[in-house]
Amino acid sequence: MGTDLQNPNSPIQSSADLLRFITCGSVDDGKSTLLGRLLYESRQLFDDQLHVLESDSKRVGTQGQELDFALLVDGLEAEREQGITIDVAYRYFATEARRFIVADTPGHEQYTRNMVTGASTADLAVLLVDARKGLLTQTRRHSYLASLLGIKQVILAVNKMDLIEYSEAVFDEIVAAYRPFAKELGIEAVHAIPLSALRGDNITTPSESLGWFHGSTLLGLLETLPVDRDSLPKQPLRMPVQWVNRPSQDFRGYAGTLVAGRVRPGESVRVLPSGRTATVARIVTADGDLDQAVAGQAITLTLAEEVDISRGDLICAATDPAEVADQFDATVVWMADEDLLPNRPYLAKIGTRMVGVQISSIRHRINVNTLEHLAARKLELNDIALVNLSLDQAIAFDPYSVNRDTGGLILIDRQTQQTVGAGMLNFALRRSHNIHRQALDVNKTLRSRIKSQRSCVLWFTGLSGAGKSTIANEVDKQLAALGHHTYLLDGDNVRHGLNRDLGFTDADRVENIRRIGEVAKLMVDAGLIVLTAFISPFRAERAMARALLDADEFIEVHVDTPLSVAEERDVKGLYRKARRGELSNFTGIDSPYEAPEDPEIRIDTTKSDVAEAAERIVAELRERRCLG
């Protein structure tokens with residue numbers, strides 16, 4: 001029963017354009033059944049696939065003796081057992097009119113991040129609504145996510161019409177309720193269609209049971225609706241550099257995929273963020289040089305002039321380049337179980353460039369059911385928020401609404417390297433353009449030389465009562481006796497001034513360490529040997545402080561004291577209060593401490609006294625030539 005349409009090299013497929021779309025909606029709206037029926041009705045299944053479907057339908061199907069089309073795309077065992085979609089299932093098929101890549105996305109709210117993944121490359125959304133239930137919370141959530149991710153066309157597929165006796169009135173009521181909501185979201189086109197995925201009504205052929213409906217079938221719409229990506233070649237040139245191709249001394253090319261515009265030899269281009277201009281010499285491909293390349297093509301450009309270009313740079317039209325900035329108004333979808341905390345350091349991947357990023361503030365969280373703006377100090381799994389976002393270096397970008405490839409990013413956890421969020425850049429903050437670094441003649445090297453020392457940070461970390469402040473104070477005294485210039489930043493002392501506005505929640509602890517890291521950086525720039533004594537319980541924030549300094553300037557000192565010993569000391573009585581429930585968010589009791597995995601110095605206070613620990617640290621400074 002298979003056809004030549006399954007062969008990706010067939011003439012039919014190579015000449016037809018490509019539509020990427022998603023199926024989404026609430027749980028049990030019939031997304032997988034719809035897609036399975038669409039593949040079946042459009043004759044996209046081979047005989048062996050049909051045999052497997054028949055076997056699986058008898059074994060785990062939900063339709064009695066009939067074919068359970070949902071099994072064609074619900075590939076995970078858990079999906080088949082529960083009768084729901086969990087993962088994003090991609091399927092390729094084609095007709096004589098067009099090629100398709102469809103993503104069947106989950107309806108459960110806990111898998112919203114999977115839906116975001118599927119929608120990020122889609123041109124259109126097929127949004128299913130159960131005719132018996134009407135618009136539900138997840139219907140609105142998926143509509144909002146679709147609009148957020150740049151999808152401007154929606155096919156509103158009112159499914160299970162057979163269960164309401166194909167009522168025109170019910171269909172009209174659902175459509176009338178959805179259109180104002182879609183308009184509010186900025187969805188430009190809504191194409192409503194009644195159907196029954198289970199019975200095959202209005203999937204590929206008109207249904208007699210829906211004689212009152214005079215619109216197109218689902219497949220007819222998919223084959224004829226315009227693809228938004230057709231406008232990309234008309235936009236200004238954008239090509240993120242993926243690879244600098246240097247096979248020999250005689251060739252240097254810059255490889256990447258055009259994500260917008262077109263380019264010809266002889267045209268002038270601008271390289272960002274440096275701003276340098278050059279002339280295109282050749283457009284090189286595996287099949288030979290081209291006279292022109294357009295959006296969607298993978299090419300290698302050679303330039304007539306020598307320009308410093310690296311992976312992550314953006315080659316643009318010289319007369320219409322992208323913007324360059326390092327601070328943005330952005331929308332973030334949080335996709336991790338661990339909360340997003342403002343000012344915690346993450347990595348961001350935008351195009352082919354990887355940069356450091358912090359969410360400097362959460363402006364508001366968005367209730368996707370009502371579009372209400374809510375105050376938030378953190379983001380939890382599946383939260384969506386408008387934020388101020390700060391990068392550690394300037395990047396070239398376009399607003400996400402203009403170009404997904406140059407305006408979209410993913411957030412990555414520095415420790416685990418797992419993707420934790422997705423972001424859409426809205427615009428650069430004005431201060432990003434107005435604030436510039438001032439060049440100074442007296443620098444860190446000169447200040448350190450005057451003091452006959454090399455500046456650095458001794459970052460003491462450990463549980464409360466471990467002895468951080470005591471040991472740091474002794475080190476400070478010994479260094480002062482040797483004539484060195486130091487400053488000790490103590491956790492309790494700093495909270496009387498600079499950080500007096502902060503509490504002890506996870507978010508406040510992150511901000512506490514961010515401020516201390518910035519102050520320590522300034523003091524290192526002043527040529528001082530800086531000692532910091534803070535619990536600093538999270539590895540991510542200690543890594544953030546380390547990243548502010550040069551590689552050899554940050555010395556992590558883990559004052560390693562077992563919790564039982566620290567609690568036995570309890571000089572300030574804090575552990576007793578925490579155990580009685582009088583002190584919340586106390587490290588080691590009801591708030592975690594993430595011990596350093598590879599500190600430069602580890603002090604076991606059960607084996608070393610204060611003087612021995614201090615002498616060891618001073619000796620380490622001498623070995624590192626910090627003491628002149």
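The following questions and answers walk through a predicted model, from its overall make-up to single residues.

Residues are numbered from 1 along each chain as its sequence is written, and local features need pLDDT of at least 70, side-chain atom pairs count only at pLDDT 80 or more, and totals for chains, interfaces and linings use all residues. Side-chain values use heavy atoms, with hydrogens and water left out.

Visitor: How many helices and strands does the secondary structure of the protein come to?
Guide: Helices (H or I, at least four residues) and strands (E, at least two) are taken as DSSP runs and numbered from the N terminus. On that basis the protein has 18 helices and 27 strands.

Visitor: What percentage of the 628 residues in the protein is buried?
Guide: Buried means under 20% relative accessible area, exposed over 50%, and partly exposed in between, with a 1.4 Å probe and protein chains only. By that criterion, the buried part of the 628 residues is 53%.

Visitor: Among contacts between residues at least 6 apart in sequence, what percentage joins residues at least 24 apart?
Guide: Contact means heavy atoms within 4.5 Å. Of the contacts in the protein between residues at least 6 apart in sequence, the share that joins residues at least 24 apart is 72%.

Visitor: Which residues of α12 are buried, and why do they line one face of the helix?
Guide: Seen down the axis of α12, the buried residues fall within an arc of 140 degrees, so they line one face of the helix, the arc being that of the directions from the helix axis to the C-beta atoms. An α-helix has 3.6 residues a turn, so residues three or four places apart point the same way. The buried residues of α12 are Lys 468, Ile 471, Ala 472, Val 475, Asp 476 and Leu 479.

Visitor: What do the buried residues of α12 pack against?
Guide: The partners of this buried set include strands β23, β24 (486-490) and β25 (529-533). The remaining elements that the buried residues of α12 pack against are β26, β27 and α18.

Visitor: How far apart are the end C-alpha atoms of α18 (residues 610-623)?
Guide: The expected span of a helix is 1.5 Å times one less than its number of residues. The 14 residues of α18 should therefore span 20 Å, and this agrees with the separation of its end C-alpha atoms, which is 20 Å.

Visitor: Which residues of α18 are buried, and what covers them?
Guide: In α18 the buried residues are Ala 613, Ala 614, Ile 617, Val 618, Glu 620 and Leu 621. Seen down the axis of α18, they fall within an arc of 155 degrees, so they line one face of the helix. What covers them includes β23 (456-461), α12 (468-481), β26 (554-560) and β27 (601-604).

Visitor: At what angle do the axes of α6 (residues 137-148) and α7 (residues 168-185) cross?
Guide: Axes are lines fitted to C-alpha atoms, for helices over the stretch in contact, and angles run from 0 to 180 degrees between N-to-C directions. In α6, Arg 140, Ser 143, Tyr 144 and Ser 147 meet Tyr 178, Phe 181 and Leu 185 in α7. The two axes come within 10 Å, and they cross at roughly 35 degrees.

Visitor: Is Tyr 166 buried or exposed?
Guide: Tyr 166 lies in the loop between β5 (153-159) and α7, and its phi is near 55 degrees, a positive value in a residue other than glycine. Its relative accessible area is 18%, so Tyr 166 is buried.

Visitor: Is Arg 625 buried or exposed?
Guide: Arg 625 is placed in the segment after α18, and its phi, near 60 degrees, is a positive value in a residue other than glycine. With a relative accessible area of 68%, Arg 625 is exposed.

Visitor: Which residue does a cis peptide bond join to Leu 272?
Guide: The omega of this cis bond is about 15 degrees.

Visitor: Which residues does Pro 399 contact, leaving aside its neighbours within four places in sequence?
Guide: Pro 399 is found in the loop between β20 (384-397) and α9 (404-407), and at 19% relative accessibility it counts as buried. The C-alpha atoms of Pro 399 and Met 424, 25 residues apart along the chain, are separated by 7.7 Å. Beyond those sequence neighbours within four places, Pro 399 is in contact with Gly 407, Leu 425 and Asn 426.
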